[in-house]
Amino acid sequence: MPHAVNANAPALSVAMSVYNAEDFLALAIESILAQTMPAFEFLILNDGSTDRSKAIIDDYAARDSRIRAIHRENKGLIVSLNQLVAEAKAPLIARMDADDIALPDRFAKQLTFMAAHPDYGVVGTWTRDIDANGDAFPLGGADHPTSHEDFMAHIEEGPLICHPSVIMRADVARAVGGYHAAFKHCEDYDLWLRLSSVTKICSIPERLVLYRHTDGQVSNKHIVQQQIGVAASRLAWRERMAGRPDPTETLDALPPMEDYDALFGRDGAYQEALAMTVGAILYSHVALTGEGFDLVLRHIREKRAEERVPGIPRTVARLVRFGEPVRALKLASSLARAHMAA
């Protein structure tokens, strides 16, 4: 049911979910309060933190009436994000993470773009990458697409948009059901793909968010499960684009990847997902020294050389650099056996 229009509603709701974020939380909150656009509400949902996060939130809330603190037991990020979307009073919702920093004119510049382009329902910004100490974090790759056409052209490869840099129209996000429970660790990626069919999406080409990279963030700690989910979201997007029902829409959790053929009702879905996952983890220390390594070996066993993800042979040297000589030897042996069997 659409939210009733409130003439006294703020122009923007800022949505931040917090879980044990005491190290950087104050910096993140202060960067929002320092925005050049003053008329917003700031929803900070404490998802059952066990560190000092609650005290930090309450201290800032007592000093700034724009902050609305929400404290409850731990329910996880997806539940938290959907609660924030549901409780937001404004027609526009800005995302923010508890370890990043927004530059002072971030909101003003995004809102100016959205006012001039009402057909865009999701607008992010480029980012400047920093480490845990706030120093520059070298990161290769292209910047996020600056037009909807470019966004659509990059769906099969990415990157698409930075979640904590986004402002989205609340009615559009609610209309597609918000964040889906099945896509744990990649709930934002799935949302962008679903929204891309009903609104335009892009990022403005200015670095207005300092995006912090830490060892504990999802893209490092849970990269294998994240990329398995990304592969499923791409397969679901292809189903929707073909005019077929999305079998993931009502799931609370994704089945094992081996069951993707049955889930999507066609042969080859599992192999496509496996190849997408392997291609995404070949440069990850966490993945290759953990559960991702077995996925690489499985892909080698199940695919002919010409069908494999490019770059696997070079991963042998990468494993040596990662201090994993036994895995490097095992990968080289697996490649040799597959070559002899071909």
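1. Strand S1 (residues 12–18) is largely enclosed by the rest of this predicted structure, because seven of its seven residues are buried. Leu12, Val14, Met16 and Val18 point one way from S1, while Ser13, Ala15 and Ser17 point the other way. Both sets are buried. In a regular strand, side chains alternate between the two faces of the sheet.

2. An antiparallel pair is formed by S4 and S7 (residues 167–169), joined by three bridges. In that pair, Ala94 stands opposite Ile167 of S7.

3. Which residues of H1 are buried? They are Leu25, Ala28, Ile29, Ser31, Ile32 and Leu33. The cover over these buried residues includes S1, S2, helix H2 (53–63), S3 (67–72), S5 (101–102) and H4.

4. Gln110 lies in helix H4 (residues 106–116). Its relative accessibility is 0%, so Gln110 counts as buried. Apart from residues up to four places away in sequence, Gln110 touches Val123, Gly124, Thr125, Ser165, Val166, Ile167 and Ile204. One of these contacts, Ile167, is the residue that stands opposite Ala94 in the S4 and S7 pair.

5. The largest nonpolar core has 67 residues, and those with the most contacts inside it are Met168, Trp192, Tyr260, Val296, Ile312 and Leu331. Helix H9 (residues 223–241) supplies the largest share of this core, nine residues. Setting aside neighbours within four places in sequence, Ile312 is in contact with Val278, Leu282, Val296, His299, Ile300, Leu331 and Leu335. A second, separate core has 33 residues, among them Val18, Leu33, Ala98 and Phe107. Of these, Val18 is a buried residue of S1 and Leu33 is a buried residue of H1. In soluble globular proteins, nonpolar side chains tend to be buried together.

6. How many disulfides does the structure hold? The number is zero. Cys162 is in no disulfide, and the nearest cysteine sulfur to it, that of Cys202, is 14 Å away. Cys162 counts as buried because its relative accessibility is 7%. Cys186 is likewise in no disulfide; its nearest cysteine sulfur is that of Cys162, 15 Å away. Cys186 is buried too, with a relative accessible area of 1%. A sulfur pair counts as a disulfide within 2.5 Å.

Conventions. Residues are numbered from 1 along each chain as its sequence is written. This is a predicted model: local features need pLDDT of at least 70, side-chain atom pairs count only at pLDDT 80 or more; totals for chains, interfaces and linings use all residues. Side-chain values use heavy atoms; hydrogens and water are left out. Helices (H or I, at least four residues) and strands (E, at least two) are DSSP runs, numbered from the N terminus. Buried means under 20% relative accessible area, exposed over 50%, partly exposed in between (1.4 Å probe, protein chains only). Contact means heavy atoms within 4.5 Å. A nonpolar core is a set of buried Ala, Val, Leu, Ile, Met, Phe, Trp, Tyr and Cys residues joined through side-chain atoms within 4.5 Å. Two strands pair if DSSP finds at least two bridges between them.
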